[in-house]
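Open the structure in your viewer and keep the selection tool ready. This tour goes stop by stop, telling you what to select and what is there.

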Amino acid sequence: MRVCFEIDEKPWSIRLEQNETDGLFRVTYGYQVDDALTYVDAASKLGQAIMHRAACDGLIDDEEGAENV
């Protein structure tokens, strides 16, 4: 696996990796690991992880959508 993107900060790191043999992706967010993802699925999971972390860090004011976090 090749690391494509990483936020290595506590408490939860975010990492995007790509498998060099089949081109599929893995997104790791804290203890959650989503593997064998297509480009589109990996983009969605990575975006969800980044937005969730930003919300938890208080960087996003999402009162209306907070129940979905």
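## First stop: a nonpolar patch

Select Met51, Leu59 and Ile60. Together they make a nonpolar surface patch of about 320 Å². Keep in mind that this is a predicted model.

Met51 sits in helix H1. Is Met51 buried or exposed? Met51 has a relative accessible area of 53%, so it counts as exposed, the cut-off being over 50%.

## The whole chain

Zoom out and show the protein chain as a cartoon. Trace them from the N terminus: the order is β-β-β-β-α.

The accessible surface of the chain comes to about 5,000 Å². Carbon and sulfur atoms hold 51% of that surface. Of the 69 residues, 23% count as buried.

What share of the contacts with a separation of 6 or more joins residues 24 or more positions apart? The share is 19%.

## Strand to helix: Asp34 and Lys45

Next, select Asp34 and Lys45 and show their side chains. They meet in a salt bridge, with 3.9 Å from N to O. Asp34 lies in strand E4 (residues 32-37) and Lys45 in helix H1 (residues 39-56), so this pair ties together parts that are 11 residues apart in sequence.

Compare the cover on each partner. Asp34 is buried, at 17% relative accessibility. Lys45 is partly exposed, at 28%.

Why do such pairs form? Side chains of opposite charge can pair when their charged atoms come close.

## Arg53 and Asp57

Move on to Arg53 and Asp57. Here is another salt bridge, at 3.5 Å from N to O. Arg53 is buried, with a relative accessible area of 10%.

## A network of charges

Select five residues at once: Glu6, Arg15, Glu17, Arg26 and Asp35. Salt bridges link them in a network.

Within this group, focus on Glu17 and Arg15. Their side chains meet in a salt bridge of 4.0 Å, N to O. Is Glu17 buried or exposed? Glu17 is buried, because its relative accessibility is 9% and buried means under 20%. Arg15 stands at 30% relative accessibility, so it counts as partly exposed.

How many salt bridges are there in total? The count comes to 7.

## A cis bond in a loop

Now turn to the backbone. Select Lys10 and Pro11 and look at the peptide bond from one to the other. That bond is cis, with omega near 5 degrees. Where is Pro11? Pro11 lies in the loop between strand E1 (2-7) and strand E2 (14-18).

## Last stop: Ala36

Finish in strand E4, where you will find Ala36. Check the backbone angles there. Phi of Ala36 is near 60 degrees, a positive value in a residue other than glycine. Ala36 is also exposed, with a relative accessible area of 52%.

Conventions: Residues numbered from 1 in each chain as written. Predicted model: local features only at pLDDT ≥ 70, side-chain atom pairs only at ≥ 80, totals over all residues. Heavy atoms only, no water. Buried < 20%, exposed > 50% of the residue type's maximum accessible area, 1.4 Å probe, protein only. Helix = DSSP H or I, 4+ residues; strand = E, 2+ residues; numbered from the N terminus. Patch = residues over 30% accessible without salt bridge, like charges linked within 9 Å, V, L, I, M, F, W, Y side chains within 5 Å. Areas by Shrake-Rupley, 256 points an atom, 1.4 Å probe, with all protein chains shown as cover. Contact = heavy atoms within 4.5 Å.
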